[in-house]
Amino acid sequence: MPDLLNKNRGGTAGGGFSGFEQFEKKKEYLVCVDSDGCAMNTMDIKHIRCFGPSMVQEWELWRWQEEAEFQWNRISLYSKTRGINRFKGLYETLKFVNAHMTEIDGLCDLEKFVTESDELSNPALARYIEKTGSGMLKKTLHWSEVVNAEIKQLTKNDRLAFIGVQESLELLCEKADIVIVSSATPQAVKEEWETNGILKYVSLVCAQDAGSKAYCIGRLLEKGYDKEKVIMIGDAPGDMAAAKKCGVSFFPIEVRREIESWEKFRTHALPAFFGGSYRGACEDAYIESFENNLM
């Protein structure tokens with residue numbers, strides 16, 4: 001396994017991250033692939049079984065559990081905010097809870113963190129807490145750590161790649177460098193891809209601690225790829241926004257249609273991408289379907 005997979009630590013926009021520094025362009029094409037909900041059938045499981053219930057427990061929302069968890073899942077899974085960072089998703093959900101169910105003390109502290117911090121991760125939150133001493137943010141960090149622990153307890157059967165992912169990666173690696181670009185934790189990404197036997201196709205893992213997806217794609221482009229030969233495969237509007245910001249193509253994996261989406265990628269979008277005809281009407285049609293599928 002390439003050493004790069006084990007050296008992806010580091011910073012936020014502008015700071016670089018180790019692993020990237022050693023990464024070299026080897027193929028003509030670059031394919032960036034998101035993990036949760038895109039390549040891995042883990043997103044619904046993690047949110048429905050880990051994120052939402054842990055939020056209810058941390059803020060003692062038992063009386064409003066069904067509605068609170070519904071709002072979490074709506075924001076994080078099924079709406080145009082799908083794929084939102086966990087801390088932003090928590091803020092949006094607790095803002096709804098505060099307005100419609102019960103008061104959430106210190107919500108303004110969480111709002112400040114998600115709007116002011118350059119990095120939205122557990123280490124960044126811990127550093128923010130050192131400066132502020134906020135009780136609300138301490139609860140937020142504890143919730144996030146509990147979520148990570150709960151995710152680690154998921155079985156291998158809860159961490160399977162979608163049908164069609166391995167076949168797609170096998171086709172891609174013939175002509176393209178493959179990089180995971182994900183907002184999940186690096187440990188979770190590596191473990192899940194390795195368990196499914198598909199980490200071997202990947203040249204680099206850019207996870208939660210590497211910076212935003214747009215930042216990661218932008219840094220990869222500095223290696224000399226032609227933007228016309230770069231594509232981001234993702235399942236969330238944030239993935240699409242990152243691709244657009246960097247001027248590269250986007251292929252969507254649609255929620256509840258993941259296996260169908262990977263089949264379309266292999267049989268239609270991939271040949272068009274390698275053939276130089278994906279951009280334009282072909283890409284636009286996939287994006288229109290993707291946007292119409294979200295609430």
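Reader: How many helices and strands make up the secondary structure of the chain?

Author: In this predicted model, the secondary structure of the chain comes to 12 helices and 5 strands.

Reader: What makes the chain as compact as a globular protein of its length?

Author: The globule rule gives 19 Å for 295 residues, and the radius of gyration of the chain is 19 Å, close to that value; the chain is therefore as compact as a globular protein of that length. Along its principal axes, the C-alpha trace spans about 55 × 35 × 35 Å.

Reader: What share of the 295 residues counts as buried?

Author: A residue is called buried when its relative accessible area is under 20%. By that criterion, 56% of the 295 residues of the chain are buried. The chain exposes about 13200 Å², of which carbon and sulfur atoms supply 47%.

Reader: What share of the contacts in the chain with a separation of 6 or more comes from residues 24 or more positions apart?

Author: Such residues account for 72% of those contacts.

Reader: How far apart are the mean positions of the positive and negative charges?

Author: The chain has 37 positive and 45 negative charges, and their mean positions are 3 Å apart.

Reader: How do you know that the span of helix H1 is close to the expected one?

Author: Helix H1 covers residues 43-58, which is 16 residues, and 22 Å is expected at 1.5 Å a residue. From its first C-alpha to its last, H1 reaches 21 Å, close to that expectation. Glu60, which follows H1, has a positive phi, near 50°.

Reader: Against which helices do the buried residues of H1 pack?

Author: They pack against helix H2 (65-78), helix H3 (86-100), helix H6 (135-152) and helix H8 (186-195). Among the buried residues of H1 are Met43, Ile45, Cys50, Phe51 and Val56.

Reader: Why does the span of H2 agree with its number of residues?

Author: The 14 residues of H2 should span 20 Å at 1.5 Å a residue, and the end C-alpha atoms of H2 are 18 Å apart, which agrees. The buried residues of H2, including Trp72, Ile75, Leu77 and Tyr78, pack against H1, H3 and H6.

Reader: Why is Thr267 called exposed?

Author: The term applies to a relative accessible area over 50%. Thr267 has a relative accessible area of 52%, so Thr267 is exposed. Its place is in helix H11, residues 258-275. The C-alpha atoms of Thr267 and Gln187 are separated by 32 Å, and the two residues are 80 residues apart along the chain.

Note on methods:
Residues are numbered from 1 along each chain as its sequence is written. This is a predicted model: local features need pLDDT of at least 70, side-chain atom pairs count only at pLDDT 80 or more; totals for chains, interfaces and linings use all residues. Side-chain values use heavy atoms; hydrogens and water are left out. Helices (H or I, at least four residues) and strands (E, at least two) are DSSP runs, numbered from the N terminus. The radius of gyration is taken over C-alpha atoms; the globule rule is 2.2 Å times the number of residues to the power 0.38. Buried means under 20% relative accessible area, exposed over 50%, partly exposed in between (1.4 Å probe, protein chains only). Contact means heavy atoms within 4.5 Å. Accessible areas come from the Shrake-Rupley method with a 1.4 Å probe; for residues, only the protein chains shown count as cover. Lys and Arg count as positive and Asp and Glu as negative; His and the chain ends are not counted. The place of a charge is taken as NZ of Lys, CZ of Arg, CG of Asp or CD of Glu. The expected span of a helix is 1.5 Å times one less than its number of residues.
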